Structure formats: structure tokens, C-alpha cells
Amino acid sequence: MGSYITKIFGASPVAPIQEHMEICYKAAKELVTFFEYVNGDNWEKVRESREKIVRLENEADEAKKQIRMQLSQALFMPVARADLLDLVLVQDKIPNLARDVSGLVIGRQLAIPDVLQERFLTFVSRNVDAAKGARKTIRELDELYETGFRGTEVDLVRRLISELDQIENETDALQAELRRILFSIEKDLSPIDVMFLYKVIESIGDIGDMAERIGRRLELLMNH
Amino acid sequence: MEHATIYLILAGVFGLFMAWGIGANDVANAMATSIGAKALTIKQAIVIAAIFEFAGAVLAGGEVTSTIRKGMVDSSAFIGEPELLVYGMLAALLAAGTWLFIASRKGWPVSTTHSIVGAIVGFAAVGLGVDAVKWDKVGAIVASWVISPLSAGIFAFLIFTSIQKLILEQKDPFARAQKYAPIYIFLTVFLICLVTLFKGLKHVGFELTTFQAYLGSAVLAVIIAGIGRFFVQRITVDEKAEKKFHYATVEKVFAVLMVITASAMAFAHGSNDVANAIGPVAAIVSVAQSGQVLQSAPLPIWILMLGGVGIVIGLATYGRRVIATVGSHITALTPSRGFSAELAAAFTIVVASGTGMPVSTTHVLVGAVLGVGMARGISAINLGVVGRIFLSWVITVPAGACLSIVFFFILKAVLS
């Protein structure tokens, strides 16, 4: 029983991709809290925050798998299937980075040097802002589908993407500055800690890069 | 004619059963896009379907009925043996009905049109001889099965592209939608009425000149567009929904338009598919009453009404439940898409009805949906299912034919 014709409509991937992005953003956002506790030397709370990040990362993985399964080869879609899968892969890198960073810091009980702390937090939150900007563009995905990737909606998304690019440029500058300061004080710190600090800074910067790449992926979808 | 009453009763029963089957299974397909796009509730869909299926069957079902009744089989094959036509048409009804029953039980996509055409060609070619089939006409029907989904796809592409250009791409899509909605309604009603009136309503005692047909269609279209405009103007912006999805209010406008196209779809379906049930009945009634095969006998209106009533009963008894299952599916279809697909499909089917071509409502609708998809309108179309729906007629035609051959020889042995 039932009408066969309803079965020709595959489940839309739009809402799942948007939900996945929400989770990814939450994981990134938790990093701000995480480093506030690290700076406050409250390792109990740091551990709690880390658990939350790991949980969100797992959730994102699960959501990613669902989307992959849903996007079967036999679907006829307005955008290339590979482009959508790429987009989800890039989104999924954000919680992975958040997990890696928090893992490094917890594993080595890595404290941020006092002179760096304030700048470091700004750096983290700007990268999280970039992820937020990416989420904002992904929140327009349903509208893009509605208009068939044309017209004023496309202009709007292009504007959002250029805002996102600006934030990312800012994070690059912040990252360079952090490195410069770290370089000037590294002689006084434990060499191994310094190595890992560089690594942590790099990974946090990668969050901004991934956010920017989400914008690039959306552009690809629109230019189809 | 001997046994005339038995033939009449059998024809009536089989025809009603077939019409019931169409109402029970097929109407859901015609209404699926409206319900899937949440433009209509299930109750509204059932009421609209009942009214417009009946209207379509009675007002515009004549041409296809006459094709099924006498277009495919050469009447000279029955000279001296008019009973053969009765057995054949009874066999065709039974075969199509049985095949529909089996297929819908198994959940296969079925087309009543393909099964009845296959059944009639089957009994005629095997029971009477290959020459008894008017192959040119059958060829034209088969060609229409390819052409109709194709042209519905092209129409749907054009309609949806016009919606994108005029409304969705613009800065003020809601104001635009309100402005253009009455025009789209006018076009829908005008085109459907024009085709219907052009073919004439002689059988319901209505004869119109070309001018009158144009005028009548235009007047009715203006009235309905006016009513539509009233409802569209009343729509207010839903701030909360708009925040989540900026086109929520625009889609509400299209939901109003979809009420019109859903009606058009039901009308179109009734006009084309009623023939599958009552075409054979009409042939049997004509032979049983006159005792001979008359090529020019008029089609009594009560037969069309019988078909219409059968469809509505099928809808009321069983089709309701099928429609309810459609409603529970979450589809990637918004009203703007559903509107484009339905308008294109309804227009194509009504034109086919006017020219006497029995086409498959489902195939035409699928073609229209693909057309919208081509315009980047639908987030995901399952091509595997599309392929299975189109391929189904490759099985349905010979299945209907084989069954009808078997029934033909059984009936011939039993009744004569």
C-alpha cells in the first residue's frame, strides 16, 4: 500500500548538513571555555570541557556517517554529490581539530605562558568566530536550494563568505603575532612544551582555515 | 442478442471494480505531490479529488474512452460474431484488474493505462488475429507514452524557471509572489478549461463555438484568479518561520496555488483514467444493446458517470488510506516545486485526454518532477525509483496482454 511516486523524492541532505555544522561549531566554541579553565589552572573543569568536546566530536562523526549513507549514487541532485561530501568532510575537520588541541593540552598539562594568555584567548575566540561565520553561511544552504542557487540569495551568501574571509585573515595575523612572541620567550621555557605550544597554535589556526574552506566549498556549489 | 443482460451486468460489475481500483490506488499518485508539499491536508485532498476526479471523468473523459472502446481494434473483425468483442473486452477488464491487484499487492509501480492497452491488444491480436489490431493507432499510443512525460518535463522546467526568474531570484520575493500568483492561476484554469471546452461538451448537451470556448475559459479563469488573489493577499509574513527559512511566506503563496493545480491534477486524472475502466464497458454496452458492432455509436453519459462514481467509491473506501500513507512521507518537495510539476502534468494530461491518447498519469507526473529537477529545483530525486517506474510498463503491457488472452479463451468457452 502506498503511492509509489512519493518514493522518487530522496531525503534532502540539506537539513542534515546544517545540523552537522551546528555540532561542529559547538565543538569549536567549547575550546574558548576550555582555555579559560586552562588559564585559570582549573584542571577539573578543563577535563569536563574536554569530555564535552569529545562527545560533540563523536556526535559530528555519527552525523557525517548518516549523511554519507543518505547520499547514495542514484540520487539526482542540483549539485554534485562529491561536492556535498567534500563540504561535510571539511566541516567535520573542525571538531577533529578541537579534539586534537584539547587532547594535547590535557595530555601534557600544558599551561599557556602568562605573557601569551590574553592574546592566546583572543586568537582562540577569533578562530571560533570564523567557525561561527561558516555556520552562518551553512544556515543559508536551505535558502540556496530554494532559489536554485541563483539571484539575490547567492549575493547574500557571497557577502557572508567575504565576511568570513576577513575574520580568517585576522586570525592569520594573530597567529603570526603569537608565534613571534613565543619565539622571543622560548629560550626560557621547556623546549618540549614550546614544541607543543607551536603545534597547538597551528591546530587552532587550522580551525579558521577550515571555516574559510567551508566558504570556498559553498562557492563551488553556487558556481555550478 | 443472447445473454445480453448477463453481458451488461458483467460489464457493469467488472467496470465498476476497475474504476474502484483506480480510485483506490491511482488517485493517490495524482494527489501525492500536493500532500507531499504540505499544501493540502489529507481531508482536503480527498474532497478535492472526489469532486474533480468525477468532473474530469464526466466532462472530459469521452475522447480517451472512445479510443479504448473502439480505437485500437478493427470492428470488421467482429462481423458476424459481435460476441467476440464482448468476451474480449470483459477479458481485458478482468486482466487489467487482476494485474493491478497483483502489482499493487507486491508494491510494484503500476499503470492502469498500460495494463488495459496491453490487455486489449493482447486479446485482439491472439484471439482474433494480428490484423484485427489497428497497429497505427496502437503505435501512436505507445509514442504518446514517451512523448507525454517528455513534454511534461519540458513544461515543468519552463514553469519553474519562470518562477525562479520572476519571484525567487528577486529582492522582494513575497511581494512578487503575491503579484504573479493570480497570473499563474489564470493560466492554469484557462489552459485546462480551454482544452476541455475545445473538445466540446456535446455529450452533456453543451455545444460551443471556438469563440465561446475562449470566452468561457477566460471568464472562468478570471473569476478563479480573483478568488485566488483574495486568499493570496490575506497571507501575512510569519516572522518566526521567516527567521528560520527566508522563503517560508513565499511558499505559503504557492501553497494557495497548489490548491488550484491539485484540482487540475484530479480533473486531468479523471479525464484520462476513467477510460481505462469504462472504455471496455462502453464497447460491451453498445454491442449488447444493438446486437452488432457499431463504429459510430454515441457514448452514453451514464457510462462516464458510472466510471466517475466508481473512482470516487474507490477513493472513499480504500484510497483514503493510501493517501494517508503519502502524507506521512517526508519529501523534499516545497509548494513552488509541486506547483510547477502539477501544472505541467495536468496540462499535458488534459491535452492527451482531448486528443484521445490514454497516457499514464504517474509517468507524466514523474516527467514533470524531473523537469523541475533539471532546473535545480529538487534537492534529491531517487533515479533508481524513477527508472523502475518508467520500466514498469515494459512488464505491464505484456502481463496485461497474456492475462487477457487467457481470460478471453476461458470466457469464450464458458459463455458461448
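Modeller: S392(B) is found in helix α14 of chain B, residues 383-415. Helices here are DSSP runs of H or I with at least four residues, and strands are runs of E with at least two, numbered from the N terminus. This is a predicted model, in which local features need pLDDT of at least 70 and side-chain atom pairs count only at pLDDT 80 or more, while totals for chains, interfaces and linings use all residues. Residues are numbered from 1 along each chain as its sequence is written, chains are lettered from A and ligands numbered from 1 in the order in which they are written, and side-chain values use heavy atoms, with hydrogens and water left out.

The relative accessible area of S392(B) is 8%, so the residue is buried (under 20%; exposed is over 50%, partly exposed in between, with a 1.4 Å probe and protein chains only). A polar atom of the S392(B) side chain lies 2.8 Å from the backbone oxygen of I389(B). Apart from neighbours within four places in sequence, S392(B) is in contact (heavy atoms within 4.5 Å) with P109(B) and H363(B).

A cavity is a set of points, on a 1 Å grid over the protein atoms alone, where a 1.4 Å probe fits but cannot get out; lining residues have an atom within 4 Å of a point. Points are joined across faces, edges and corners, and a volume is the space filled by probe spheres set on them. By this rule there are 2 cavities of 30 Å³ or more.

The second largest cavity holds about 30 Å³. Its lining includes V110(B), S111(B), T361(B) and T362(B), and the elements that give two or more residues to it are α5 (112-128) and α13 (361-374) of chain B. This lining divides into 1 nonpolar, 6 polar and 2 charged residues, where Ala, Val, Leu, Ile, Met, Phe, Trp, Tyr, Cys and Pro count as nonpolar, Asp, Glu, Lys and Arg as charged, and the others, Gly among them, as polar.

The largest cavity has a volume of about 110 Å³. Of its 13 lining residues, R69(B), K70(B), L85(B), V293(B) and L294(B) lie nearest its centre. The elements giving two or more residues to this lining are α3 and α10 (248-290) of chain B, and α10(B) gives the most, with 3. The lining comprises 7 nonpolar, 4 polar and 2 charged residues. Helix α3(B), residues 62-71, is mostly covered, with 8 of its 10 residues buried; R69(B) and K70(B) are among them.

Definitions and conventions
A polar contact is a pair of N or O atoms within 3.5 Å; within protein, one must be able to donate a hydrogen and the other to accept it, and residues adjacent in sequence count only if both atoms are side-chain atoms. On a 1 Å grid over the protein atoms alone, a cavity is a set of points where a 1.4 Å probe fits but cannot get out, and a pocket is an open set with protein on both sides within 12 Å along at least five of seven lines; lining residues have an atom within 4 Å of a point.
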